Amino acid sequence: MRVDFYHLTRDPADKLVPMLAGKSLEAGKRVLLVSQGEARCAALGNALWSDDPASFLAHDFAGSERQADQPILISEQCDAANGASYIILSDGLWREEALAFERAFFLFTAEQIDNARNAWRDLAAKDDVTPRYWKQDGGRWVEGP
């Protein structure tokens, strides 16, 4: 399993989530987008609507009538009612349930770096997990040390 750590130093999660979700959909994968709090989930839903006016990333919220049909499901829990194989943890909180997915994206800020370091150490010690670190370099993301 691969876990991509994204260190948010310039842009907030709302800017990165649409890109990660869009690339996941292009790869034919469904996505579970996780964040704490109803307001944060709503903000992420708005980011998926408004990131690129020329496109739309179809999504809905956990608990909706058609949650199982959604390519992107936004939730406060790691329960992939849409059958997602990719998970985006957008709030800087690592959840062990993410290990049940094919791939995880873990977004964190400078304020959450201690939590990210602990998660990295724990995951790097597992034989079946490959952590990767990504950082912002100007306006693009580069894999780095």
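Predicted model: local features only at pLDDT ≥ 70, side-chain atom pairs only at ≥ 80, totals over all residues.
Okay, let's start with a term: two strands pair if DSSP finds at least two bridges between them. One more for the labels: helices (H or I, at least four residues) and strands (E, at least two) are DSSP runs, numbered from the N terminus.

Some ground rules. Residues are numbered from 1 along each chain as its sequence is written, and side-chain values use heavy atoms, with hydrogens and water left out.

So, the overall picture. The protein has three helices and eight strands. Going along the sequence, you read the pattern β-α-β-α-β-β-β-β-α-β-β. The C-alpha trace spans about 40 × 30 × 30 Å along its principal axes. For the radius of gyration, taken over C-alpha atoms, the globule rule is 2.2 Å times the number of residues to the power 0.38. With 145 residues, a compact globule would come out near 15 Å, and the protein has 14 Å, which agrees.

Now the sheet. In what order do its eight strands sit? The order is S3-S4-S2-S5-S6-S1-S7-S8, in an open sheet with mixed pairing. The edges are S3 (60-61) and S8 (140-143), each of which pairs on one side only. And a reminder on what holds this together: strands of a sheet pair through backbone hydrogen bonds, either parallel or antiparallel.

Let's walk through a few of those pairs. S1 and S6 run parallel, joined by seven bridges. S1 also runs parallel to S7, this time with six bridges.

Where do we find an antiparallel pair? S7 (residues 130-137) and S8 are one, joined by four bridges. Trp 134 turns up again here, with Glu 143 in S8 as its bridge partner. Asp 137 stands opposite Arg 140 in S8. The hairpin has two residues between the strands, and Gly 138 takes a positive phi near 70° in it.

Next, the helices. The expected span of a helix is 1.5 Å times one less than its number of residues. For the 14 residues of H1 (residues 13-26) that should give 20 Å, and the end C-alpha atoms are 20 Å apart, which agrees. Just after H1, Gly 28 has a positive phi of about 80°.

How do these helices lie on the sheet? Axes here are lines fitted to C-alpha atoms, for helices over the stretch in contact, with angles from 0 to 180 degrees between N-to-C directions; contact means heavy atoms within 4.5 Å. H1 lies across several strands, including S1 (2-8) and S6 (103-109), and runs at about 170° to S6. H2 (residues 38-50) lies across S2, S3 and S4, at about 155° to S4.

Time to look inside. Buried means under 20% relative accessible area, exposed over 50%, partly exposed in between (1.4 Å probe, protein chains only). Of the 145 residues, 44% count as buried. S6 is mostly covered, with six of its seven residues buried. The buried residues of H1 include Leu 16, Val 17 and Leu 20.

A nonpolar core is a set of buried Ala, Val, Leu, Ile, Met, Phe, Trp, Tyr and Cys residues joined through side-chain atoms within 4.5 Å. Which residues have the most contacts inside the largest one? They are Tyr 6, Val 17, Leu 48, Ile 88 and Leu 107, in a core of 21 residues. H1 gives the most to this core, five residues. Leaving out residues up to four places away in sequence, Val 17 touches Leu 33, Leu 44, Leu 48, Ile 88, Ser 90 and Leu 107. There's also a second, separate core of 20 residues, with Phe 106 among them.

Last stop: His 7, in S1. Buried or exposed? His 7 counts as buried because its relative accessibility is 9%. Setting aside neighbours within four places in sequence, the contacts of His 7 include Phe 108, Tyr 133, Trp 134 and Trp 141.
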